[in-house]
Amino acid sequence: MNKTLTKTFILLLVITAFSCKTESNNSNANTSEATTPYDAKVDSLMSLMTPQEKIGQTVMYSGGWSVTGPVVSSNNQKFIKEGSVGAMLNVYSVKGTRDLQKMAVEETRLGIPLLFGYDVIHGFKTIFPINLGLAASWDLEDIEKGSRIAAEEASAEGIHWTFAPMVDIARDPRWGRISEGAGEDVYLGSEIAKAYVKGFQGDDLSKHNTILACAKHFVGYGAAQAGRDYHTVNMGMDELRNVYLPPFEAAVDAGVETFMTAFNEVNGVPATGNKFIFRDILRDEWGFNGFVVTDYTAINELVMHGFAEDRKHATELAIKAGVDQDMMSSANREFLEELANEGTVNIALINDACRRILLAKYKLGLFDDPYRYCDEQREKEVVYKPEFLEAARKSAAMCSVLLKNDDETLPLDKNQTIALIGPLVKDKENILGNWGAAGDRKGKAISIHQGIQDYVADSKIIFAKGCEIEGDDASEFGQAISAARRADKVVMVLGEDYDMSGEAASRTNIKLPGRQTDLIKAIRKAVPNKKIILVLMNGRPLDLSEEDILADAILETWFPGTSGGYGVADVLFGAYNPSAKLPVTFPRTLGQVPIYYNMKNTGRPIPDHDPHEDYKSHYLDTPNTPLYPFGHGLSYTTFEYSDTEFSSKIIGFSDTLTVSATITNTGDYDGYEVVQFYVHDKVGSITRPVKELKGFQKVFLKKGESKTVSFELSAEDLKFYNLEEFTVEPGVFEIAIKGTSDFDFEQSFILE
Ligand code: NOJ
């Protein structure tokens with residue numbers, strides 16, 4: 001039979017099979033077997049596939065358009081034509097993906113379409129603020145909308161699958177990938193995980209503008225020792241179950257279709273070969289039915305970890321642990337068949353993996369039309385739509401955290417002269433942040449300078465760069481000082497390079513790099529009585545202890561994205577009243593790390609009456625408290641919290657408690673407030689954190705307006721893993737509704 005005839009025959013078989021489901025050969029008895037409308041089609045197709053073709057589906061290669069890992073040369077096109085590739089990463093655009101898709105569809109025996117994956121992390125072309133910044137908005141609707149826009153753009157450029165969201169809890173600012181997640185908190189991180197998944201996958205994967213999401217990196221990646229990327233992770237079950245796993249479970253609950261393995265080991269077993277986390281937890285406990293892809297070359301790395309003897313052994317360990325697709329190791333392609341032939345790997349495991357990947361392709365509609373994501377017209381219409389750029393501007397404003405604002409230094413007055421100083425003032429490259437996907441770091445990005453120009457005449461702006469982000473050159477300090485002297489107010493735009501955070505970008509020093517702190521000092525000395533506003537761009541919490549003394553106002557904008565300059569200027573001039581709150585603690589000094597609000601009390605906490613009392617859990621040289629706590633963020637207005645009330649002081653295990661408080665806007669601006677709901681389980685069979693976020697709401701209040709904000713709490717919300725099982729224990733719980741995590745509890749209720 002020639003190729004065309006073979007394919008027609010196969011197509012008929014696949015269509016017929018739609019109405020007569022064949023027996024599933026899924027071997028994993030423990031996997032919860034959700035039936036899908038595509039099962040019969042998958043069975044039918046698989047009955048025609050050779051073992052090599054099935055293995056081919058479990059293989060992913062890079063097209064090399066972006067470099068997101070060590071460059072590995074491979075003969076991609078030859079392998080695609082042989083039917084030995086199931087997915088590609090790092091290729092995009094209609095033309096780029098169509099060319100490769102054509103090879104898979106027209107030049108292989110079965111014509112199975114490829115899946116195109118890409119790191120669409122905080123936007124595709126229209127880049128939103130980095131994810132840590134997005135988390136600072138505490139705005140689930142906005143995060144979902146941003147990822148919907150990212151999916152619209154990516155899908156219009158041939159992408160079917162994003163390697164996002166990264167839902168790793170991160171509590172160590174040295175770790176560069178802290179920028180890619182939602183910060184330190186379990187509850188906030190879990191809610192945000194769901195918002196991303198919904199945004200990317202939409203309500204129907206078969207629509208051409210939705211893409212598969214991927215929860216990564218399973219698991220513990222954010223707990224790398226000493227904040228060094230890829231480093232060892234060793235944690236007890238309390239931390240694993242109660243802190244690091246929940247955002248992943250939330251992603252499963254939201255219907256995430258894929259998972260990615262982490263590079264790190266978890267308690268001695270590298271994640272990519274870890275049966276406990278993939279088979280026992282992900283599949284058996286959570287009933288995850290999607291497919292698992294490794295991180296980049298992670299199967300090969302099992303050898304370096306000292307867990308596998310060689311790459312063949314690594315291949316065996318990975319598939320046995322529950323890995324379905326091999327990103328860039330070439331291991332499945334080289335060794336799986338041999339392992340199956342010699343009986344080391346049960347062919348049923350290969351069938352399982354292949355089945356899950358094919359199912360994803362069916363769900364996306366790729367068997368109906370492999371080119372459905374390849375429409376030039378749509379590509380032209382969708383990318384950088386004005387409304388997307390406008391949404392990114394709004395996000396940039398919503399994500400900017402006002403850390404400090406003494407004497408109402410901000411907002412700026414349009415009539416005053418501004419000295420605009422710093423290496424990031426005119427920057428269009430760093431402003432997109434790390435993982436800028438296919439975003440344009442030149443023409444399209446709006447610098448802070450451009451944003452400010454939108455508000456004030458050029459004659460009112462005096463620009464001086466002052467210094468570079470890194471390096472030791474202070475030769476331009478003089479020009480900066482002169483600019484400061486001639487202006488009414490000084491705005492300094494300082495921070496990190498975008499590639500100082502992200503993957504393989506850990507730092508042992510979390511201060512502003514280069515001479516930037518010296519630059520502020522020089523300016524403060526030169527203009528002791530002028531207001532200095534520090535606008536920051538950075539991918540991690542920084543040690544700002546000196547800047548906090550030197551500047552009158554500090555606006556943390558993270559890396560605010562394509563429309564960042566406009567959004568940040570909206571905040572600076574008061575068109576948007578800042579509402580963002582920190583999703584992560586800012587330490588006073590690196591020596592306090594890891595520092596996070598929901599810590600344990602220890603047996604020797606510091607007494608309120610004497611923070612220096614001997615033999616207590618503290619430092620000799622620094623207070624325990626952070627510089628800026630989780631949940632902190634100022635507004636141009638002020639909010640007062642009062643009348644916290646409970647529906648009952650005693651609740652049973654099947655009751656729901658309603659807690660409410662009145663929030664009043666007592667200042668001079670209308671604005672949003674992120675109202676936070678905290679609980680403290682006072683005594684447990686294992687110790688519980690001193691505070692836990694259990695809810696939040698973003699409310700809009702006109703000046704003078706009051707609103708009652710209510711939260712509901714059930715016993716289920718209080719459950720935790722007690723080293724044996726998930727449980728809710730009776731007892732006293734402290735409770736509070738506040739605008740920051742920095743407070744003392746005053747009220748309690750009893751669960752009995
Ligand atoms: C390695 C990163 O750890 C992962 O997050 C990313 O998705 C892959 N490279 C693919 O680029």
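Which residues come nearest to the ligand? Of the 13 residues around the ligand, the nearest are Thr 68, Asp 119, Arg 177, His 217 and Asp 295, where a residue is near a molecule if one of its heavy atoms lies within 4 Å of it.

A word on the basis: this is a predicted model, in which local features need pLDDT of at least 70 and side-chain atom pairs count only at pLDDT 80 or more, while totals for chains, interfaces and linings use all residues. Residues are numbered from 1 along each chain as its sequence is written, and side-chain values use heavy atoms, with hydrogens and water left out.

**Around the ligand**

By class, the shell holds six nonpolar, two polar and five charged residues. Here Ala, Val, Leu, Ile, Met, Phe, Trp, Tyr, Cys and Pro count as nonpolar, Asp, Glu, Lys and Arg as charged, and the others, Gly among them, as polar. The table lists polar contacts, each a pair of N or O atoms within 3.5 Å.

| Side chain | Distance to a ligand oxygen atom |
|---|---|
| Lys 216 | 2.7 Å |
| His 217 | 2.7 Å |
| Asp 295 | 2.5 Å |

Taken alone, the ligand exposes 300 Å², and the protein buries 100% of that; these areas come from the Shrake-Rupley method with a 1.4 Å probe.

**A salt bridge across the sequence**

The structure holds 41 salt bridges, each a side-chain nitrogen of Lys or Arg within 4 Å of a carboxyl oxygen of Asp or Glu. One of them joins Asp 238 and Lys 600, at 2.7 Å from N to O. Asp 238 belongs to helix H9 (residues 237-244) and Lys 600 to the loop between helix H22 (564-572) and strand E17 (639-646), so this pair ties together parts that are 362 residues apart in sequence. Helices (H or I, at least four residues) and strands (E, at least two) are DSSP runs, numbered from the N terminus.

**Backbone details**

Most residues other than glycine have a negative phi, and most peptide bonds are trans. The bond from Leu 410 to Pro 411 is cis, with omega near 0 degrees, and Pro 411 is found in the loop between strand E11 (401-405) and strand E12 (418-421). Val 593 to Pro 594 is also a cis bond, with Pro 594 in the loop between H22 and E17. Ser 93, not a glycine, has a positive phi of about 85 degrees.

Conventions. A polar contact is a pair of N or O atoms within 3.5 Å; within protein, one must be able to donate a hydrogen and the other to accept it, and residues adjacent in sequence count only if both atoms are side-chain atoms.
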